[in-house]
Structure formats: structure tokens, C-alpha cells
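Dear colleague,

Please find below the structure that I am handing over to you. My notes on what was found in it follow directly after.

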Amino acid sequence: MSLRSRLTLFYTIGLGVVLVFFGLSVYALVSVVQLRQVDATLDRTARDLIDVTRIDERGQFVLSQRVSLDSSVIVQIWDLEDHLVGLTLAVEPDSPLRQPFDPNSMDANTPMYSSVDMGGVHFRVLTVPLHTGGTPIGVMQAATSLTVIDALRSEIVRYLVVLSVLAVLLVSLIGLVTGSRALEPLSQMTETALQITRADDLSRRIPTDGIVDDEVGKLILAFNDTLARLEKLFATQRRFLADIGHELRTPLTVIRGNLDLMRRIGEYDEQALQSMGQEVDRLARLVADLLLLAQAESGKLPMDQRRVELDTLLLEVFNQAHVLAADRVQLEIDKIDQVIVCGDRDRLKQVVLNLLANAIKYSKDGGKVTVTLSKQGGQAFLAVKDSGIGIPAEDLPHVFERFYRADRSRSRAKDGTGFGLGLSIAYWIVRNHAGEIDVKSRVKRGSTFTVRLPLAGPDCAEYTTTDLNTLPQPAAVPERTN
Ligand code: ADP
């Protein structure tokens, strides 16, 4: 069953139940009110009559004075031998009105009301036992026909049934029409989704037609957002594959060229072998970086959670970086506080080394790189500032993306080692340490990379001496992650 039919059915049944409840209430209320009025009339008439009824010396019932009674009420007076001794209506001797209205109540000790059928007519009867001086002398039965009230009740029932059926029909009709209208965008959405699937075109969006604040509008917005995200993901994936292809092609071409050369000359060529070895190393580094990045991005990078003295670590990297800087760039520590964070020493070292190596790599000869380590707002704060070439504003938001290079020719030409993965790796490592990495830069003025990390809490474990011994020893010439 379609959603539209289900909604219509649901509302129609709901309305039906409400109408039945409402109808029963109206019917009951009218019945009770009418019956009370009838009972009050019977009671008044009986009282009026009893007030003027006397027993004469012969034991006969007589009226002490004339009394005007309600014309709709017929009163019977019966003596103790069940003889009809008084009737307020002149009727034929064989009329059924000469029988007790309610024979079952003739023995009642107290006044009581009942409803009876007599000669095909529905009567309301009040039976009152008559006494004089505490002695029973007979029974009075006052009755009035309920025909008018019954007719009124039937009329109410008829009206309620007809109106209810009409209302239910109308509501189902309105439900079907408005349901169609309200669900139209959903059908459109389904159609567009199918078209997108068929055409494999993620650039299409479902039009909201300006309605965005209802449920369907919000669903369309959410769906469009998902499409936009998927489109971006696929584009990233495509770019990623193209980038990998590009990165693999150069070393493979070099290896292939050298192999061809050796095959042609028919002997080992030391220079060709060395060049091939370098490219194989480069490929191995690329694969290692990609694996690391994949693990870090999915949060599955195995990481220690130990106390790391960031100042000691910074000094170690700083000493290694001197080799990279050589005499070309001046390295300087502006401030170094004792700062302990909780994390993986190796990974954090990788972050600092990547930032310092970049700062040196993208500095002009005679440039200066300044490092600061301090505590700021309950966090470890590390800044690597260079006076290098800077990063154009349009590239800044992308520098932490995989394979992103602000200026491809420049980045690669300089030393041929950069894959554009170093900052991505640094970003994910910092993220996995619940920290933040940021960059501010101006072209030709220099860049400042900052890292903020939470300080180690008391529950963070220490590195033991054995742990430290198993850490990889710094290489003679530090190697950047990519
Ligand atoms: P790469 O291996 O190319 O250096 P990274 O991921 O480390 O890759 O950096 C990405 C890009 O960001 C670099 O190609 C470069 O354009 C830019 N970049 C990174 N650090 C700096 C810096 N300190 N100064 C100027 N540009 C930088």
C-alpha cells in the first residue's frame, strides 16, 4: 500500500473513531436530558393529583377540587384490589389504557420510573404507591408517550450517521488529493535519484522549489548534501588515482630507461644502478606514506599513549634539521618550555620533522626558521615560522590535502622528494592526538605552522627505559616522511 493511501486510511479511521465517539456522546446527552424533562413532568403531575385526591366515607377516591393536568400525561389510580378507580382520559371500555401501564411496578413500595411498551406505544411511567395515615390505599401510575422523543432520537442518529459518512468520505478525498500534492516532491526525488543512478551523474540536484522548511524540503536538502559529498568524494578519489599514477610514472620511467640502457650496452652500469636504487627507495617511501595516511585517516594507526617530553623531542629534531639546513638556512629556537603531552613519540617526531623540513625546503638561501614551544591555554603550542616563499591564499585551505602542492613545478623541482603527503600525514597524526594544526602564510614573506596538543593528564603512562631503547635511533641524515 502506498504511503499516500496509508496516510489517508490512517486519518480516515481516526476521524471515523472521533465521529462515532462524538455521535454516541450527543445521542446519550440528548436522551438523558429529554428523559429528565419527561420524568419531571410526570412527577409534577402526580404530585398535583395526589394533593387533591381524597377518600370519602365510602372508601371512594374523590377530587377535593378541580385541577388542570399536563395534557400529555395520562394518570391511572388503582385501589388495593387492582380495580381501576380513576383515569384522566375518557377511553373505550375495552381500551388497553384500562390495563396498568406497568403491571410489574404495581407492588412498588416507593415511587419508581419505568419505560414500557403498551399497544405498540412506548411509554414512560411513574408508579407512586398511595397511603393515607401510613396505610396503603392504592397505586397511581402516571404515563406519557415517548413517541416524540424516540422520533427525535432516531432523527439524531440518522443525521449523525449521514454526516459522519459524508465527513469520512470528504476527509478521504481531501487526504488523497493533499497527500498526492504533499508527496509529489518525494516522487520527484525518487525519479531524480533513479536518473542519477542511471546516468551516473552525481552533479545533478533535486530542485526544492523554494520549500525548504518542511520535512520533504529538509529531506531533499539532506539528499542533495549527500550527493554533493559523494561527488566530492568521487572527485577526490579520481584525483588521488591520477596523482598516484603521476607519482609512480616518473620513477618507473627512470627505472625502465636505465634497464633499457644496460640491456643495450650489455653490461652493468654503476650510475644507472644507483639511479634505479634511488627511484626504488622513492617508490618505497611513497607506498609507506600512503599506507600510513590510509591508517591515520581511518583512525586505525597504531599509536602509543605515553608521556612525551615535547621539548626534548623538539631539540632532537632541531639537531637533525641542522643537517638539512646546512649553511643555507639559519635555524633558531625562540622559546622552549618544558611541555609534556600524551601520545606517540615517533609520530609526533614525524610531525615536527615534516614541518621543520618544509620550512627549510621552502626558505630562500640565507632565510631564517624559528621554532617556539610553549604552554598556551592549557595546551602545548608549537610554532614553526619561516621567512620563505610563502603559500598563496588560494592554496592555503588545501595544503593539508593529500598530494596537494602549492606550486607543483617549484615543489618538486627543488629536490624531487616531495609527494605532497607530508602535511596530510602531519594533519592526521595531530588529529589522532586530539590536537589542531594550522597555517598562516603570506607570499614572499613566509609561513607559520602551528600545532596545538592537549597536555598529558595524570593517567598517561610513562615511556620505560626499554621503550626508549626500542625507539628508532635518529638517522645520521634525517629523512623526511616523503
Ligand atoms: P611536499 O612534499 O610537496 O612538501 P607537503 O604536504 O609537505 O608536501 O606540503 C604541501 C605543499 O604545501 C607543498 O608542496 C608546498 O607547496 C606547501 N608548503 C608546505 N610547507 C610550506 C612552507 N613552509 N612554505 C611554503 N610552502 C609550503
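In this predicted model, a disulfide connects Cys-342 with Cys-460, at an S to S distance of 1.9 Å. The structure holds 1 disulfide. Cys-342 belongs to strand E10 (residues 340–343), while Cys-460 lies in the loop between strand E14 (446–454) and helix H9 (465–470); the pair thus links distant parts of the chain, 118 residues apart. The torsion about the S-S bond of Cys-342 and Cys-460 is about 90°, so this disulfide is right-handed. Both cysteines, Cys-342 and Cys-460, are buried.

The aromatic side chains come next. The count is 6 aromatic pairs. One of them is formed by Phe-400 and Tyr-427; this pair is tilted, with 5.8 Å centre to centre and 35° between the planes. Phe-400 is in the loop between strand E12 (379–386) and helix H7 (408–415), and Tyr-427 is in helix H8 (residues 422–432), so their pairing ties together parts that are 27 residues apart in sequence. Phe-400 has 16% relative accessibility and therefore counts as buried, whereas Tyr-427, at 23%, counts as partly exposed.

Phe-400 also pairs with Phe-449 in an edge-to-face arrangement, 6.2 Å centre to centre and with 90° between the planes. Phe-449 is in strand E14, 49 residues apart from Phe-400. Phe-449 is buried, its relative accessible area being 6%. Together with Trp-428, the residues Phe-400, Tyr-427 and Phe-449 form one aromatic cluster.

Finally, the charged end of Arg-402 sits over the ring of Phe-240, at 4.3 Å from the ring centre.

With kind regards

Technical notes:
Residues numbered from 1 in each chain as written. Predicted model: local features only at pLDDT ≥ 70, side-chain atom pairs only at ≥ 80, totals over all residues. Heavy atoms only, no water. Disulfide = S-S within 2.5 Å. Helix = DSSP H or I, 4+ residues; strand = E, 2+ residues; numbered from the N terminus. Buried < 20%, exposed > 50% of the residue type's maximum accessible area, 1.4 Å probe, protein only. Phe/Tyr/Trp six-rings, centres within 6.5 Å; stacked < 30°, edge-to-face > 60°. Lys NZ or Arg CZ within 6 Å of the ring centre and 35° of its normal.
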